Amino acid sequence: MGYEAVIGLEVHAQLKTASKIFCGCSTTYGAEPNTHACPICLGLPGILPVLNKKAVEYALMMALATHCHICSESRFARKNYFYPDLPKGYQISQYESPLAEHGWIEIQTDHGTKRIALSRIHLEEDAGKSIHSDAEDLSSIDFNRCGVPLIEVVSEPDISSTGEAATYLKKLRSILRYLSISDGNMEEGSFRCDANLSLRRKGIEGFGTRTELKNMNSFRHVQKALEYEIGRQLDILESGGEVIQETRLWNENEGKSFAMRSKEESPDYRYFPEPDLLPLVVHQEWLDVIRENLPELPDEKMKRFIDQYGLPRYDSHVLTSSRELADYFELCMRETGDAKMVSNWIMGELLRELKRDDREVQDCPVSPSALADLLKMIKEGTISRKTAKDVLKEMYREGKSAKTIVKDKGLIQISNEAQIASIIEQVLRGSPDQVDKYRKGKTQLVGFFIGQVMKKTHGKANPRLVNEILKRALEE
Ligand SMILES: [Zn+2]
């Protein structure tokens, strides 16, 4: 189209600390409205915030995992604005001195690995939540979310397509989940994303005028909103118009974004250093301890899966997309010892079932060792691969073991050579014309004979043996 998209993403992720960032209130999601609120998070006069050390530790874990430079001293700042869900009239955030800067993460794209630079990661507090009911013509406010710790992860405008944006977000969420510091749940609002987007002619260095997109509440929304915005800007530019710098809200129901009223836009936040909190100093010793205790992260795990199990890069990438899936693979692998086989079954049959039910692997009704038992039956020749696929479906639905299903349904594969030879003999005797044609060179008829044998054995004959014995019989 002659233009390319230039996208930068700002992600807000709630940290899974037990208590809020500046007070002792619980952070548990889904509690009765306004039951987790105290004078501190409500911003009543005379209160003093106290920084939650765990929140800092979690933010540092993320910063280290994304190769950031950690600032030995950072500062909290007040971001002043009025909004009903912000009872203090300001949000405590970090502005000029963030906790960490200049990191990066790598994503897999169609053109290989791409590095997306992060400009900063900082800590801040969440605001409350306004709930609007059109039916009752009423707006309510829940302050439970006020003061829940957030990290904001800001990327450089290194993302050039909606697909890359989705991949970047999934990678970021995967790192947060590997670290067990955030649920990364977009639907529950513990992982939120705003985007900056502009277009520029391909090959040109500078940037076009950008718009800011907000209110995208799922990965699908992000992709749709960005696609819509690319189309909108493209129409403007191609008809000779100019893109206006503005903030736009995505409306999922209408599949469109709308410009916010200019009044709500680009407010002057009058940032100033938070007078109630000391500068945040991170000692090297503490940082070293955190670094030492970081778990194995997605990229490292992916490399290890390639080296240790000899898996293709693609398989390793899929299997390490979540910590739970990687664990599932390794548990199953430990019992079967055949990495590629386990990988194929997980990526194919198992993920297909899970996807259909919209389930995560941790909720899979087939345990890793149950899958391993099934795979062992294939390796031992007890059942065919084709039968195993049906058995797995039933294991998934009924929660029964492979052995029980195979026994109850009489699915054991026929691997007795004499028995198979005798069936083949019957088939060949019953189709003299086809045998004649085969022997005169029409060798593709082998498929016909195999089909006949499978029909007679209800698909239970060992395909390898059928092939071998059939060829021998036909060449006699
Ligand atoms: Zn509180």
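Predicted model: local features only at pLDDT ≥ 70, side-chain atom pairs only at ≥ 80, totals over all residues.
Reader: Where is Asn215 placed, and what is its phi?

Author: Asn215 belongs to strand β12. Its phi is positive, about 75°, although Asn215 is not a glycine.

Reader: What about Asn34?

Author: Asn34 is not a glycine either, and its phi is positive, near 60°. Asn34 sits in the loop between β1 and α1 (39-42). Asn34 is partly exposed, with 14 other C-beta atoms within 10 Å.

Reader: Turning to helix α4: what span should its residues have, and how far apart are its end C-alpha atoms?

Author: Helix α4 comprises 20 residues, 219-238, which at 1.5 Å a residue should span 28 Å. The end C-alpha atoms are 28 Å apart, so the expectation and the model agree.

Reader: Which residues of α4 are buried?

Author: The buried residues of α4 are Val222, Ala225, Leu226, Glu229, Ile230 and Gln233. They lie on the same side of α4, because the arc they cover around the axis is only 140°.

Reader: Which exposed residues does the face turned away from that side carry?

Author: That face of α4 carries the exposed residues Arg220, Gly231, Asp235 and Glu238.

Reader: And what covers the buried residues of α4?

Author: The cover includes β1 (3-14), α3 (162-178), β11 (191-201), β12 (211-216), β13 (247-251) and β14 (256-259). Asn215, discussed above, is in strand β12.

Reader: How do the axes of α3 and α4 cross?

Author: The two axes come within 9 Å and cross at roughly 155°. Helices α3 and α4 are therefore roughly antiparallel to each other, since angles over 145 degrees count as such. Their crossing is right-handed. On the α3 side the contact is made by Thr162, Ala165, Ala166, Leu169 and Lys170, and on the α4 side by Phe219, Val222, Gln223, Leu226 and Glu227. Val222 and Leu226 are also among the buried residues of α4.

Reader: What follows α4?

Author: Gly240 follows α4, and its phi is positive, near 80°.

Reader: A change of topic: which residues of α10 are buried?

Author: In α10 the buried residues are Pro368, Ala370, Leu371, Ala372, Leu374, Leu375, Met377 and Ile378. What covers them includes α8 (323-336), α9 (339-357), α11 (385-398) and α12 (402-409). Just after α10, Gly381 has a positive phi of about 85°.

Reader: Since α9 has come up, is Arg352 buried or exposed?

Author: Arg352, which is in helix α9, is exposed, with 12 other C-beta atoms within 10 Å. Its C-alpha atom is separated by 42 Å from that of Leu237, 115 residues apart along the chain.

Reader: And Glu274: buried or exposed?

Author: Glu274 is buried, with 20 other C-beta atoms within 10 Å. Glu274 lies in the loop between β15 (272-273) and β16 (280-281). Leaving aside residues up to four places away in sequence, Glu274 touches Phe76, Ala77, Arg78 and Ile92. Glu106 is 168 residues from Glu274 in sequence, and their C-alpha atoms are 35 Å apart.

Reader: At what angle do α2 and α5 pack?

Author: Helix α2 (residues 53-65) and helix α5 (residues 284-292) pack at about 65°, with axes 10 Å apart. That angle makes α2 roughly perpendicular to α5. The contact is made by Glu57, Leu60, Met61 and Leu64 of α2 with Leu287, Ile290 and Arg291 of α5. The crossing of α2 and α5 is right-handed.

Reader: Last one: how do α13 and α15 cross?

Author: The axes of α13 (residues 417-430) and α15 (residues 446-456) come within 10 Å and cross at roughly 120°. That makes α13 oblique to α15. Ile423, Ile424 and Val427 of α13 make the contact with Phe449, Gln452, Val453 and Lys456 of α15. The crossing of α13 and α15 is right-handed.

How values were computed: Residues numbered from 1 in each chain as written. Helix = DSSP H or I, 4+ residues; strand = E, 2+ residues; numbered from the N terminus. Expected span 1.5 Å × (residues − 1). Arc of directions from axis to C-beta. Contact = placed C-beta atoms within 7 Å. Axes fitted to C-alpha atoms, helices over the stretch in contact; angles between N-to-C directions. Parallel < 35°, antiparallel > 145°, perpendicular 65-115°, else oblique. Left-handed = near helix turned anticlockwise from the far one by under 90°.
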